[in-house]
Amino acid sequence: MNLTLKIWRQPSPDDPGKMVKYHVKDVSPDMSFLEMLDVLNEGLILAGDDPVAFDHDCREGICGMCGMVINGVPHGEQKATTTCQLHMRHFEDGAVVTIEPWRAAPFPVIKDLVVDRSSFDRIIQAGGFVSVPAGAAPDAHAVPVPKDDADDAFDAATCIGCGACVAACPNGSASLFTAAKITHLGSLPQGQPERASRAKAMVERMDLEGFGGCTNTGECTAVCPKGISLDAIARMNADFLRASR
Amino acid sequence: MTAIIERGAATAPVAQSEPPRRRPGFFGSSNGQKAVMAVTGAVLVLFLAGHMVGNLKTFAGAEAFNGYAAWLREVGYPLLPKRGLLTLVEVVLLAAIVLHIWSAVALARRARAARPVKYAARRKSQAGGYVVHVMRWGGLTVALFVAYHLLDLTFGVANPAGGAASPYQRMVEGFAPGRWYVTVFYAVAVVMVGLHLRHGLWSAFQTLGLARGRRGLQGAAGLLSAVLVLGFLSVPFAIMIGAVK
Ligand code: HEM
Ligand code: FES
């Protein structure tokens, strides 16, 4: 199949960027979206042009590195799918595809489609941890965890921190990411001592980084490759309010 | 002999968080502002429910309706001064509206700052809720309507019967068949309120952390909004078609 791509090109953080049009030929429907970009880049390199920079690592949907806004939707319209797991068979031959980086003030563009997500790391630093005495690994059944709590924690822990939630949110809010971490740790007995201070510190950090506030639009959960639910945000809100009393 | 390969750090260094210069406090945080929106919204909804039920008194005739209006001014007398409770309710409502709009503006400003560069592709809503995307303009429409509504039926300035007429007379003449355009305007505004609440009612529970795991809440919010809209519309339409004179 042949495609027309409109891709955001920006040489460096401080240079202005623009949408540039490319044509890719002979794309196999079995290729992933990133493999299709690899084909484009090989062509660009052969022609002596600068290849399109994009983030990726595992290419199996578990690391959270990849991510681009495809036709206006983070990771593309396919539900519960990272860009690396999105296959070209979901596109029509001859289609025009726009590809843009995550757009948010706390995610400045480094180059082309690569954005700096260290604001997420700083949210984690603010409280996304449990302070436990680090010794030998305890027995798995030393601290009993009720099944429902374990399920909640596990569901939230599947967040790979890709940032699609921020990219999709009309408010540019990082609430789904932050809430996933708060739910992950706050659902477990080990996370209880710091539950209130964690929510408060992480929300404070989120605001400070310049993310917007949540207005419960649900756009985040709709594009989340891991399907993190809005219930996580309800829990973050509850923990935050309890901490503020 | 073991070869040691120097590979450097596995991840790039993360810039350390600088501590917040000034703690933003509850009302300065996005979650705090949301909570203000939810609580003030809930106050307004309670008022709307009472107001709607009161309006239905119109169907019981002029005497019942005027009696109800007079009673509103006397509740609690002689324990409270005349109009005491009514004035209290008015003050609370005014405060709620001011705070509600304040938090709406604060969150909208946050959202604008969080996405300085817009997407080139038109973003399709993935959550499928057009209602959530009309909250701000819808709210503004409602605010304009409330201003007109007060001038019309409370102060009687914009009412053909004038401020001196009885409440029932003001109601019937305001929505008289010849003034169908007033009824249409009123209907549009009430439907806007309904749409606002279809999202807002559920949203308030979510914001206060009470929506977790309650799947039926969205439906309940829709149902209550529909009841409010129908209740509010029944009176002016009955007057417009001449069923109530
Ligand atoms: C009859 C008057 C009104 C009622 C009963 C009402 C009620 C509500 C409720 C219950 C919420 C949900 C709170 C939450 O998100 O947690 C809400 C949200 C909101 N309201 Fe109102 N409101 C009214 C008027 C207004 C006005 C006059 C404006 C603005 C100019 C406004 C703007 C908003 C906005 C922007 C939201 C946030 C939307 C969102 O959560 O996505 N509202 N309102
Ligand atoms: S590259 Fe690892 S999730 Fe896509």
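In this predicted model, chain B and chain A bury about 4100 Å² between them, of which 49% lies on carbon and sulfur atoms; buried area here denotes the accessible area (1.4 Å probe) that two parts lose on being put together, summed over both. On the side of chain B, the residues that lose the most area to chain A are B:Y119, B:Q126 and B:R212, which together account for 17% of what that side buries. The interface brings 47 residues of chain B into contact with 56 residues of chain A, contact being defined as heavy atoms within 4.5 Å.

The side chains of B:R110 and A:D207 meet in a salt bridge with an N to O distance of 3.7 Å. The elements α2 (30–55), α4 and α7 of chain B each give two or more residues to the side that touches chain A; helices (H or I, at least four residues) and strands (E, at least two) are DSSP runs, numbered from the N terminus. Within helix α2 of chain B lies B:N31. Leaving aside neighbours within four places in sequence, B:N31 is in contact with A:V203, A:M236, A:N237 and A:F240. B:N31 is buried, with a relative accessible area of 3%; buried means under 20% relative accessible area, exposed over 50%, and partly exposed in between (1.4 Å probe, protein chains only).

Residues are numbered from 1 along each chain as its sequence is written, and chains are lettered from A and ligands numbered from 1 in the order in which they are written. Local features need pLDDT of at least 70 and side-chain atom pairs count only at pLDDT 80 or more, whereas totals for chains, interfaces and linings use all residues; side-chain values use heavy atoms, with hydrogens and water left out.

Several backbone features were noted. A cis peptide bond, with omega about 10 degrees, joins B:Y77 and B:P78, and B:P78 is found in the loop between α3 (62–74) and α4 of chain B. In chain A, A:R59 is not a glycine but has a positive phi of about 55 degrees. A:R59 is placed in the loop between α1 (33–46) and β3 (69–70) of chain A and counts as partly exposed at 24% relative accessibility. A:D112, likewise not a glycine, has a positive phi of about 45 degrees. The loop between β6 (109–111) and β7 (114–115) of chain A holds A:D112, which counts as buried at 1% relative accessibility.

Conventions
A salt bridge is a side-chain nitrogen of Lys or Arg within 4 Å of a carboxyl oxygen of Asp or Glu.
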